[in-house]
Amino acid sequence: IEIVKGASSALYGSDAMGGVVNIITKKNKTGKKKLTGDLSEEFYSSIRSYTSGKLAYSGEKFSGSLTGSFDWDRGLSERRNTVLLDDVTIYKVPTRRLGFVRANADWKLTSGKIGTYALFSDSLQKSNTTDYETMEYHTDRYELGVMGEKNIGDTWVLSGFASGKLYTLDSDFKNVTTNNIRDTDAKFADGETEIRASWDPNLTNSVLMGFNGNFQTINGDSFSGTKKQLLLSSFAQDTLTIGSSGKLLIVP
């Protein structure tokens with residue numbers, strides 16, 4: 001774990017103005033292929049279990065991993081006789097479900113690297129607000145991204161990423177005495193692209209410039225139509241190292 005104090009935007013992007021916590025994983029030995037994996041199962045009680053696992057491969061040019069977990073709490077429900085109705089279902093302990101899976105792949109090229117990832121997660125909860133009212137939340141998340149980096153000569157590096165995200169929410173409220181059912185759906189989509197160029201002309205200057213575009217949409221039952229937002233930004237900075245010790249930096 002490397003702690004980098006001060007501005008390091010030329011190496012770690014435009015958000016690294018205050019410092020960086022850089023986690024460096026173990027490097028694979030050249031030419032050696034390695035396949036690892038693990039699986040764990042935990043039982044907290046007769047109604048809850050947790051499963052997690054990981055499968056990873058690393059080689060000289062390619063590495064990839066598949067991780068996931070599933071947390072299941074079936075809860076406790078009972079059929080209860082009430083004053084207004086004969087029998088209703090009561091969740092004494094809410095039913096919960098939470099799971100995700102993520103896949104990563106990275107390729108090392110002669111003058112750079114490229115990587116991609118995909119993610120899916122699912123969440124569900126069922127509970128009671130009163131004996132006669134039940135509430136159910138269900139959310140899903142989908143995400144896909146690609147990133148790359150290319151060295152141009154000894155002083156230029158081009159890098160960037162593109163990602164797409166989709167979030168869905170479905171909430172159902174039901175009152176069994178009035179047979180009132182309210183179903184609320186919402187969807188949020190997010191697409192983002194960023195291109196960066198870094199230039200190190202000498203030992204004291206490190207120039208970073210780039211462009212970012214982010215497009216978001218949201219629609220749901222709470223309002224009419226689809227709301228949209230487009231954010232465009234550009235940035236440039238020059239990190240100047242003052243003195244031979246490298247402890248004083250100026251970042252205009």
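A polar contact is a pair of N or O atoms within 3.5 Å; within protein, one must be able to donate a hydrogen and the other to accept it, and residues adjacent in sequence count only if both atoms are side-chain atoms. With that in hand, the side chains of Asn 214 and Gln 216 make a polar contact of 2.8 Å. The model is predicted: local features need pLDDT of at least 70, side-chain atom pairs count only at pLDDT 80 or more, and totals for chains, interfaces and linings use all residues. Residues are numbered from 1 along each chain as its sequence is written, and side-chain values use heavy atoms, with hydrogens and water left out.

**The chain as a whole**

- Along the principal axes, the C-alpha atoms fill a box of roughly 80 × 45 × 30 Å.
- Among contacts with a separation of 6 or more, 45% join residues 24 or more positions apart; a contact means heavy atoms within 4.5 Å.

**Surface and charge**

- Of the 252 residues, 27% are buried. Buried means under 20% relative accessible area, exposed over 50%, and partly exposed in between (1.4 Å probe, protein chains only).
- The chain exposes about 16600 Å², and carbon and sulfur atoms supply 57% of it. Accessible areas come from the Shrake-Rupley method with a 1.4 Å probe; for residues, only the protein chains shown count as cover.
- There are 30 positive and 30 negative side chains, and the centres of the two sets lie 7 Å apart. Lys and Arg count as positive and Asp and Glu as negative, while His and the chain ends are not counted; each charge is placed at NZ of Lys, CZ of Arg, CG of Asp or CD of Glu.

- Asn 214 sits in strand 13 (residues 205–220) and counts as buried because its relative accessibility is 8%.
- Besides its link to Gln 216, the Asn 214 side chain reaches the backbone oxygen of Gly 191 at 3.1 Å.
- Beyond four places in sequence, residues touched by Asn 214 include Asp 190, Glu 192 and Leu 230.
- Asn 151 belongs to strand 10 (residues 133–152) and is partly exposed, with a relative accessible area of 34%.
- Setting aside residues up to four places away, Asn 151 touches Ser 111, Gly 112, Trp 156 and Val 157.
- From Asn 151 to Thr 25, 126 residues apart along the chain, the C-alpha separation is 22 Å.

- Asp 122 lies in strand 9 (residues 112–130) and is buried at 14% relative accessible area. Its side chain joins that of Arg 97 in a polar contact of 2.8 Å.
- Among the residues Asp 122 touches beyond four places in sequence are Leu 98, His 138 and Asp 140.
- Asp 71 has its place in strand 5 (residues 62–73) and is buried too, at 17%. A 2.8 Å polar contact links the side chains of Asp 71 and Arg 48.
- Neighbours of Asp 71 beyond four places in sequence include Arg 48, Tyr 50 and Arg 97.
- Lys 92 is 21 residues from Asp 71 in sequence and 19 Å away, C-alpha to C-alpha.

Definitions and conventions
Helices (H or I, at least four residues) and strands (E, at least two) are DSSP runs, numbered from the N terminus.
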